[in-house]
Amino acid sequence: MESIWSAGVKEIQPKTHPALQGDVKTDVLVIGGGMAGILTAYRLQQAGARCIVAEAKTVGSGITQNTTAKVTAQHGLIYGDIIKKRGLDAAKMYLAANQQAVADFCMLAGRYPCDFEEQNAYVYSVDNRDKLEQEAQAYQKLGLSANIVECPSLPFSMVGALCMQHQGQFHPLRLLWELAKQLDIYEHTFIRHVQDGIACTEAGSIHAEHIVLATHYPMINIPGLYFMKLYQHRSYVLALEGAPHLDGMYVDACPEGFSFRHYQNLLLVGGGSHKTGKQGGGFAPLRALVKQAWPNASERYFWATQDCMSLDNTPYIGRHRAGTGQMYVATGMSKWGMTGSMVASRLLCDLILSGKSDLETLYSPRRPMAGGQLVSNIGSAAAGLLSIGGPRCTHMGCKLHKNGEEGTWDCPCHGSRFDGEGHVIDGPAKKQAHV
């Protein structure tokens, strides 16, 4: 099981980086060598800051290599919800930040070839045009064109699709590896402990005035209540040969629906989403759709990915928590990690270099948490902790569930995943489990 991105760059030799040996000092330490970490380090370096990236494995070996790499400010039907809950000004700010992120990716793609293509983005519905109409009204309030169109090229009937023009798609690893060549990076450097501006490994320590946690799920998550504010989702992707070419990028307004985009001669079909550690979804619904819609198409690649979901579908970016000094976090991208990572790089760079950002309040990890999803998160954690028997997650002790499709042990509480021998695949767990 390998993504189109990791399989398709075998001809490229990414720059290798040494593991940390001994003690070093820097202005900023970024922990995590995925898209959020590398973009943040790149922006800081361009601004003149001394910056080090510490990556537990290799650059791009985590969630970034499994993205579908859509670059868009259209994050499902989000703008009407933001206007309702946080006001029109917040929605305008969110739109502007993500449209700037699209422009920033386009600019970087001009310097570092990464197969960037401008595409229109569409959010469609198979059964609820009223939701599309409500979001179209939100678009009008934000000054966007609000075109609900038909999408006859999709392989099922629908009631329409809302278009956002001038968005993009790209090859994430091609860009990531080019940016990484210019940075001071330590690979195979697992940070075991962070305190008072010192990040410790088995082989040395990194002293920094500022520390950014860009580890997908924050490695420090109990202080800060991230274990309550986040939950994780699995989703699945097929890359097909022999399927029709689709112009544009498509996502269902329903979270359980399908997404589509092309890359070169391949059609990427995503879906099957379910909460990590829970039953449902998987590759089966994708393959059933393909069998019905494009019976002559063949699978070239298939893979799964994991997304950190926030309580309100807006990422947590900013100061990690009150009283922690100069520690920052970027997490909870809620399935839109490319633009979220670019927004994070700009916001965190502003905070670190000037102490303030116009986006700080919008993305603050300390914003109010009340809501139904918080109750659900707490309930899932309680159920996992109180379940009897079975192997336990080394994060907080929740009972692990066997994922037969992927051959892993997954935690339904906070989304940690372990291989068949108990080694950690995805955090927040750090230690091997007994399975």
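**Aromatic pairs and charges over rings**

Biologist: How many aromatic pairs does the count come to?

Modeller: The model is a predicted one. Rings of Phe, Tyr and Trp pair if their centres lie within 6.5 Å. By this rule, the count of aromatic pairs comes to 13.

Biologist: Which class of aromatic pair do Trp5 and Tyr263 form?

Modeller: The ring centres of Trp5 and Tyr263 are 5.1 Å apart, with 70 degrees between the planes. Planes over 60 degrees apart count as edge-to-face. The pair of Trp5 and Tyr263 is therefore edge-to-face.

Biologist: How many residues apart in sequence are the parts that this pair ties together?

Modeller: Trp5 belongs to helix H1 (residues 4-7), whereas Tyr263 belongs to strand S13 (residues 259-263). Trp5 is buried at 0% relative accessibility, and Tyr263 is buried at 7%. The parts so tied together are 258 residues apart.

Biologist: Is Phe156 buried or partly exposed?

Modeller: Phe156 forms a tilted pair with Phe260, at 6.1 Å centre to centre and 45 degrees between the planes. Phe156 lies in the loop between strand S5 (147-149) and strand S6 (160-169), and Phe260 lies in strand S13, 104 residues apart. Phe260 is buried at 0% relative accessibility. With a relative accessibility of 22%, Phe156 counts as partly exposed.

Biologist: Which residues do ring pairs link into a cluster?

Modeller: Here ring pairs join several residues into a cluster. The residues in this cluster are Tyr79, Tyr94, Tyr139 and Tyr363.

Biologist: Which residue lies over the face of Tyr226?

Modeller: The residue in question also lies over the face of Tyr316, at 5.3 Å from the ring centre. For Tyr226, the distance from the ring centre is 4.3 Å, and the residue is Lys229.

Definitions and conventions:
Residues are numbered from 1 along each chain as its sequence is written. This is a predicted model: local features need pLDDT of at least 70, side-chain atom pairs count only at pLDDT 80 or more; totals for chains, interfaces and linings use all residues. Side-chain values use heavy atoms; hydrogens and water are left out. Rings of Phe, Tyr and Trp (its six-membered ring) pair if their centres lie within 6.5 Å; planes under 30 degrees apart count as stacked, over 60 as edge-to-face and the rest as tilted. Helices (H or I, at least four residues) and strands (E, at least two) are DSSP runs, numbered from the N terminus. Buried means under 20% relative accessible area, exposed over 50%, partly exposed in between (1.4 Å probe, protein chains only). A charge sits over a ring if NZ of Lys or CZ of Arg is within 6 Å of the ring centre and within 35 degrees of the ring normal.
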